[in-house]
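Biologist: Could you take me through this model, term by term, and tell me what stands behind each label?

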Amino acid sequence: MRSSCYPLARRQAFVLLAAIGTAAIAFLPVVGAVQLAGVSLTAWILVILMIVVPVATILVTGNEVD
Amino acid sequence: MTLTMVLAYFAVTVLIGWIARRRVRRSTDEYFIAGRSVGTFANSWAFLATMASGGTIMASVGMTLFLGLPYTVSLAAGAPVGFAIASILVARPMRRVGQYTVPDFFNVRFANPVIRWASPIVILIASTVYMVAQLTGSGIIATVLLGWSHETGVIITGVIFVLYTSLGGFLSVTWNDVLQGILMVVMTVAFGVIAVFSVVNFADTFSRAAEQYPSYGMMGGGLPFWSYIGGFVTSAATICVLPHVIMRVYSARNTRSARLSLNYAMILYGVIVLSTALVLAPVATTLSNVEELKPDAIFFALSGNILPPFLQGLLAAAVLAAVMSTTAGLLMACNSAISNDLYARLLRPGASSSQVVRVATLSTWLVGVVAILLALNPPDFLVVLYVAAVGFLASAFFAPMILGIWWRRCTSRGAAAGLLGGVLSFAVAYFFFELPDSTEILIGIPVSFAATIAVSLTGSGPSAEQRALMESAHSSAEHPSPG
């Protein structure tokens, strides 16, 4: 039976879920309470997310046929 | 010196608009999406300039100090996730459907009278509020750096960007955006580097800032917990429905170029945000009077302290560039909503290209003047106003857009219910409940998803024509490349 949603390439779905999942973990209160160099761990995880997500997105969409 | 630099910058932007005018006068394709010919390099800088607002550069130093680094990066980190959503879920299907704007896409996908009227009106409201936040920033720059009154600053900068947008349409906005994007990145990075060397030991300054301003580093220092999540969701959900961002997807030479531009722009955006939040904000704590300053004025107080006059002038031009590029993009979204979506589609379907361009030019001035008048009374935190505007937009469009592209069962009635449900729930939450800042979207988007899905499931499914359209938009996605 055909899915009710259009299919998405597995690597692209992984990047989206990983980005959203990482953000969800970053916002957990227990993570926010940890401090590194006087700054909440939440902020450091989100900073890493800002750098990694665009690079990962370029990698998983670069070969896509238009 | 600062005034000379700013005036020179104004002259260049208007000159670019004048040159672009020759190419766009009689063609709606040229006027609204620059003939779909913008390459990856230009589009990346233009995407950046459109995304990085006055708030990104100027307000984020004060915001980071008083509302905290976690809040600033919550807002900023939502953007790359939003760009990933736009690149992966939206860019290709929308290019394949081949329309100019978000209302254009909704029109061919849903063909629903409620959506046809409501979507351009939502864009007009949200974009105008967003523009007010931007114009307020230009008033602050004029007051702090040029010694003008707030009103003079708002009016002069407002007239300049309305002029170059009305002259050369999207082509003028794009050429100006490239100049403005480069200016923003170069000047922010230069300011950051100079700031690092202006203190004896940057690591010590950073640690001292975190000690003296606990709100700088901690979660919950300046805002309730849900505001951080609201800020993140606002950025993530907004990118793929911001009309001035979507227009850039259409103006790209091809889908691959649009996707690459989105992500290159995101990397450049990260450079700007991290320079201001991780470097400039802690260095700003060394200012003797930082607690007495308005949050949005701290950035220029720091530049006045550590930069020579020539660089202060260039920095002022860079912040004005951030304000003007975003505002010009929003103006294009507004004039497109009025001339393309309301006038040409609903009020006068047989209008010629030159009539549509004329209405677009007039509406640019009309909306620009309204935004200028509204910006004469500034709010305390520009960012809060900006978040409200984009939260309203995302609450209206995100669910119908994503479900309309990816869910086969999504119907026109469902999308209309989702759009209205998102708008109304956001407005009720914003105006009638005392919720923490930036959290209204956490009500608007779920309500919109629920309404779209519930109403779609009660009807008979999308028409054969709508199904065929989306099948063709996804045709090669059915067979994704391996790995």
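Biologist: Where is B:A111 placed?
Modeller: B:A111 sits in the loop between α6 and α7 of chain B. Helices here are DSSP runs (H or I, at least four residues), strands are E runs of at least two, and both are numbered from the N terminus. Keep in mind that this is a predicted model: local features need pLDDT of at least 70, side-chain atom pairs count only at pLDDT 80 or more, and totals for chains, interfaces and linings use all residues. Residues are numbered from 1 along each chain as its sequence is written, while chains are lettered from A and ligands numbered from 1 in the order in which they are written.

Biologist: What makes the phi of B:A111 worth a remark?
Modeller: Its phi is positive, about 45°, although B:A111 is not a glycine. B:S438 is another such case, with a positive phi near 70° in a residue other than glycine. B:S438 lies in the loop between α18 (412-432) and α19 (441-458) of chain B.

Biologist: Why is B:A111 called partly exposed?
Modeller: A residue is buried if 20 or more other C-beta atoms, placed from the backbone, lie within 10 Å of its own, exposed if 12 or fewer, and partly exposed in between. B:A111 has 15 C-beta neighbours inside 10 Å, so it counts as partly exposed.

Biologist: And B:S438, buried or exposed?
Modeller: B:S438 has 27 C-beta neighbours inside 10 Å, so it counts as buried.

Biologist: How do helix α6 (residues 102-110) and helix α7 (residues 113-146) of chain B cross?
Modeller: Their axes come within 9 Å and cross at roughly 165°. That makes α6(B) roughly antiparallel to α7(B). The axes are lines fitted to C-alpha atoms, for helices over the stretch in contact, and angles run from 0 to 180 degrees between N-to-C directions. On that scale, under 35 degrees is roughly parallel, over 145 roughly antiparallel, 65 to 115 roughly perpendicular, and the rest oblique.

Biologist: Which residues meet there?
Modeller: From α6(B) come B:V102, B:P103, B:F106, B:N107 and B:F110, and they meet B:I115, B:R116, B:S119, B:P120 and B:I123 in α7(B). Contact is called when two C-beta atoms, placed from the backbone, lie within 7 Å. By class, this contact has seven nonpolar, two polar and one charged residue. Ala, Val, Leu, Ile, Met, Phe, Trp, Tyr, Cys and Pro count as nonpolar, Asp, Glu, Lys and Arg as charged, and the others, Gly among them, as polar.

Biologist: How many residues of chain B are in contact with chain A?
Modeller: 46 residues of chain B are in contact with 36 residues of chain A. α5(B) gives the most to that side of chain B, with 14 residues. By class, the side has 27 nonpolar, twelve polar and seven charged residues.

Biologist: Which elements make up chain A?
Modeller: Chain A has three helices and two strands, running α-α-β-β-α from the N terminus on. Of the 66 residues of chain A, 36% count as buried.
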